[in-house]
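Trainee: I would like to go through this model and ask what stands behind each term. Please show it first.

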Amino acid sequence: MKVLLLICDGMADRPVAELGGRTPLEAAEKPNMDELARRGVCGLMDTIAPGVPPGSDTAHLALLGYDPYEVYTGRGPFEAAGAGIELKPGDIALRANFATVDEDLVVRDRRAGRIQEADRLAEALRGIKLRGVQVIFKSTVGHRGALVLRGKGLSHEVTDSDPHQVGVRAMQVKPLSRGAARTARLLNEFSRKAHEVLEAHPLNEERRRRGLPPANYLLFRGAGMVPELQPMDQRFGVKGACVAAAALVKGVCRLAGMEVLDVPGATGGLNTDLDAKRDATLRALERNDLVLLHVKGFDEASHDGNASAKVQLIERVDRTLGELLEAADLIAIAVDHTTPVSVREHTGDPVPVLIAGPGVRTDDVRRFDERSCARGGLGRIRGKDLLPIIVDLMGKGRKFGA
Ligand SMILES: [Zn+2]
């Protein structure tokens, strides 16, 4: 049985005044989602727990069947995995920004003028050695990068060096527990050595000459320990793949043992190439049991407070969904969290969820939206329940007891 799991990032909302008190899902023309709601079973889902605003990383861990409270310590590992760094359980990973500091280490630009050539700088950082640990640094998108420390006795319980504002000094990494003192020291040593290398790098000399802010410092945040996640095929007997643009989602899927497809043209933004994602999904469905298709733009529209952009993307995604209906036996639509355009941030409201396919006990829900799904036959589930329910409908559920 082939399964398509469509995850619409931040698509759920609250009633919006400019939409006449409807949510974007209620206002959008989306015949395919509504047809699936009629054919399937719907419900509401607390991705993490009732009233807890989920991060996209913890939400996706839950949607892949893990308990985020057990496996999540910080965002770093998922960004690093999404950037293609091969990680091992126990590694410490952090997110990094190339930034501009002055001679007193006061941050002048947290993104070094949104530098685009950071991979040349990352190359030079590869020579930095730290005693007793292996160091991996990779630049990712634009001014961003990821740092991984591998070795014995490391801890993720350290503070950010990123002050998250300009005009103040870059901070020292501090340990948050006794066992983290060495990790904090190593990170500060790396920062110091990186600053020396970057300060003298020809690319930065060139940038200074052209009046551009030099990328002469690395700011770290989001330290986390790479968790030991039982891969999806071992845990559920399901071979899975992921079609996504967002590094964070790719990272979660990669650590869950899924195949992660590269989709040129898929940006994670509002204008993402949905045709490219559709084609990648069709290819992935040929050789996998389950394909997770992630669309990020809803969240971006919500952070901008743009309700009509959200409605338009729902309608575009619905057309793409229509082109995928024939390729999967079972289709599930989930949302990772609510991002109301009125709030512009993730909130703890439950999200709508649906499963359509052979054997599902249909209910009376005829439309896929927040209010309609509240009357659905799935009732109210947790995010980590969704995959086991899908796996059981695939005929692969494992009996508990005799
Ligand atoms: Zn999200």
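Trainee: What makes you call H10 mostly covered?

Mentor: This is a predicted model, where local features need pLDDT of at least 70, side-chain atom pairs count only at pLDDT 80 or more, and totals for chains, interfaces and linings use all residues. Residues are numbered from 1 along each chain as its sequence is written. A residue is buried if 20 or more other C-beta atoms lie within 10 Å of its own, with C-beta atoms placed from the backbone. In H10, nine of nine residues are buried, including Lys250 and Arg254. H10 is therefore mostly covered under that definition.

Trainee: What do the buried residues of H10 pack against?

Mentor: They pack against H3, helix H5 (76–82), strand S8 (240–243), S9 and strand S10 (290–295). Helices (H or I, at least four residues) and strands (E, at least two) are DSSP runs, numbered from the N terminus. Gly257, which follows H10, has a positive phi near 80°.

Trainee: Why is the crossing of H3 and H10 called right-handed?

Mentor: The label means that the near helix is turned clockwise from the far one by less than a right angle. The axes of H3 (residues 56–63) and H10 (residues 247–255) cross at roughly 35° and come within 9 Å. Axes are lines fitted to C-alpha atoms, for helices over the stretch in contact, and angles run from 0 to 180 degrees between N-to-C directions. The crossing of H3 and H10 is right-handed.

Trainee: Which residues make that contact?

Mentor: Ser56, Asp57, His60 and Leu61 come from H3, and Leu248, Val249 and Val252 from H10. Two residues are in contact if their C-beta atoms, placed from the backbone, lie within 7 Å. By class there are four nonpolar, two polar and one charged residues. Ala, Val, Leu, Ile, Met, Phe, Trp, Tyr, Cys and Pro count as nonpolar, Asp, Glu, Lys and Arg as charged, and the others, Gly among them, as polar.

Trainee: How do you know that S5 and S6 pair?

Mentor: Strands pair if DSSP finds at least two bridges between them. Strand S5 (residues 134–139) and strand S6 (residues 144–150) have six bridges, in the antiparallel sense, so they pair. Ile136 has Val148 of S6 as its bridge partner. Their hairpin has four residues between the strands, and there Gly142 takes a positive phi near 60°.

Trainee: Which residue of S6 is the bridge partner of Phe137?

Mentor: Leu147 of S6 is the partner of Phe137, and Leu147 is also the bridge partner of Leu94. Strand S3 (residues 92–101) pairs with S6 in the antiparallel sense over six bridges.

Trainee: Why is S6 called largely enclosed?

Mentor: Five of the seven residues of S6 are buried, so the rest of the structure largely encloses S6.

Trainee: What makes S9 and S13 edge strands?

Mentor: Strand S9 (259–261) and strand S13 (379–382) each pair on one side only. Their open sheet of eight strands has mixed pairing and the order S9-S8-S10-S1-S11-S12-S2-S13. Within the sheet, strand S11 (residues 330–335) and strand S12 (residues 351–356) pair in the antiparallel sense over three bridges. Helix H15 (residues 383–393) lies across strands including S13, running at about 105° to S13.

Trainee: How is the chain divided into domains?

Mentor: Domain 1 is 3–72 + 230–393 and domain 2 is 80–225, with bounds from an automatic or database domain assignment. Their C-alpha centres lie 33 Å apart, and six residues of domain 1 are in contact with six of domain 2.

Conventions
A residue is buried if 20 or more other C-beta atoms lie within 10 Å of its own, exposed if 12 or fewer, and partly exposed in between; C-beta atoms are placed from the backbone.
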